[in-house]
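Subject: Handing over the structure

Hi,

Here is the structure I promised to pass on. Have a look at it first, and then read on for what turned up.

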Amino acid sequence: AEGQPMQWVTPEQLDHIPLPAANRPIVRAIQLPDRYLITPDNDNADLLYSGVMLAAKQGIHLIQLRAPTLPEKDYWRLADRLLQELPDTAQLLLKGTPEQLALHPRAGWHLTGTQLEQLAGRQHPLPENRLLAASCHSTQQLELAAALGCDFATLSPIQPTLSHPDSPALGWPAAKALALEAQLPVYFLGGMAPTDIAQARDNGAQGIAAIRSLWPSQ
């Protein structure tokens with residue numbers, strides 16, 4: 001009606017079209033899947049490798065390599081192997097320091113809450129083509145993640161979990177309130193399963209993040 005140019009593009013092509021900065025969260029929400037797999041705590045690199053590869057084969061496209069008990073040298077060796085062998089449809093996010101992430105330019109970076117607060121007020125630490133995510137538990141942290149330019153955040157815990165039994169759960173109403181105010185896509189984490197995806201999306205989330213319920217049976 002106003003004579004503005006229009007074209008149909010794929011979600012991936014949106015990265016190559018100049019759009020206002022305010023559209024960035026919308027573009028990411030279009031591009032991101034509704035499932036975010038976080039690997040279980042396991043000190044066996046071979047089992048982690050086979051599980052991640054199987055998950056990618058089964059259609060999981062967003063994966064965080066989290067293995068706090070895996071020796072550091074084994075973690076980065078595994079990360080290199082996965083980055084070389086995962087299909088192009090899968091995106092891998094790593095934990096670590098800026099110096100370590102700089103050595104792995106194909107990976108995204110998932111910030112801890114502490115790292116997020118340390119980076120507050122600074123420039124975006126990664127190039128535009130690399131995903132940046134953060135673990136959030138409050139309105140303040142979600143605001144920090146948006147200000148830093150994170151592509152998405154996890155919000156937890158939504159429900160009680162076996163891994164963090166002492167952490168008070170937010171519950172669905174509080175999670176919805178936080179997600180609807182967030183200025184970036186949010187994955188609900190904590191007691192989530194694929195059967196919760198529809199409810200999570202109805203409550204303002206991009207989808208769910210999970211360990212046990214998304215980890216493939218081997």
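Leaving aside its neighbours within four places in sequence, which residues is leucine 94 in contact with? Counting contact as heavy atoms within 4.5 Å, leucine 94 touches Leu65, Tyr75, Trp76, Ala79, Leu83, Leu101, His104, Ala107, Gly108, Trp109 and His110.

Before going further, a word on how to read all this. This is a predicted model, so local features need pLDDT of at least 70 and side-chain atom pairs count only at pLDDT 80 or more, while totals for chains, interfaces and linings use all residues. Residues are numbered from 1 along each chain as its sequence is written, and side-chain values use heavy atoms, with hydrogens and water left out.

Now the overall picture. The chain's secondary structure comes to eight helices and eight strands; these are DSSP runs numbered from the N terminus, with helices being H or I of at least four residues and strands E of at least two. The radius of gyration is 17 Å, close to the 17 Å that the globule rule gives for 218 residues, so the chain is as compact as a globular protein of that length. (That radius is taken over C-alpha atoms, and the rule is 2.2 Å times the number of residues to the power 0.38.) Along the principal axes, the C-alpha atoms fill a box of roughly 60 × 40 × 35 Å. Of the 218 residues, 44% count as buried, where buried means under 20% relative accessible area, exposed over 50%, and partly exposed in between (1.4 Å probe, protein chains only).

Back to the inside. Leu94 is among the residues with the most contacts inside the largest nonpolar core, along with Leu111, Leu142 and Phe188; this core has 54 residues. By nonpolar core I mean a set of buried Ala, Val, Leu, Ile, Met, Phe, Trp, Tyr and Cys residues joined through side-chain atoms within 4.5 Å. Helix α3 (residues 72-85) gives the core its largest share, six residues. There is also a second, separate core of eleven residues, including Leu62, Leu93, Leu131 and Ala133.

Helix α6 (residues 139-148) is worth a look. Its buried residues are Gln141, Leu142, Ala145 and Leu148. Just after the helix, glycine 149 takes a positive phi of about 90 degrees.

What about disulfides? A search of the whole structure finds zero, taking a disulfide as a pair of cysteine sulfur atoms within 2.5 Å. The sulfur of cysteine 136 has its closest cysteine sulfur in cysteine 150, 7.0 Å away, which is too far for a bond. Cysteine 136 counts as buried at 0% relative accessibility, and cysteine 150 does too at 6%.

Two loops to finish. Asparagine 129 lies between α5 (113-118) and β5 (132-136) and counts as exposed, at 67% relative accessibility. In the loop between β6 and α7 you will find proline 157, joined to serine 156 by a cis peptide bond with omega at about -10 degrees. For context, most peptide bonds are trans.

Cheers
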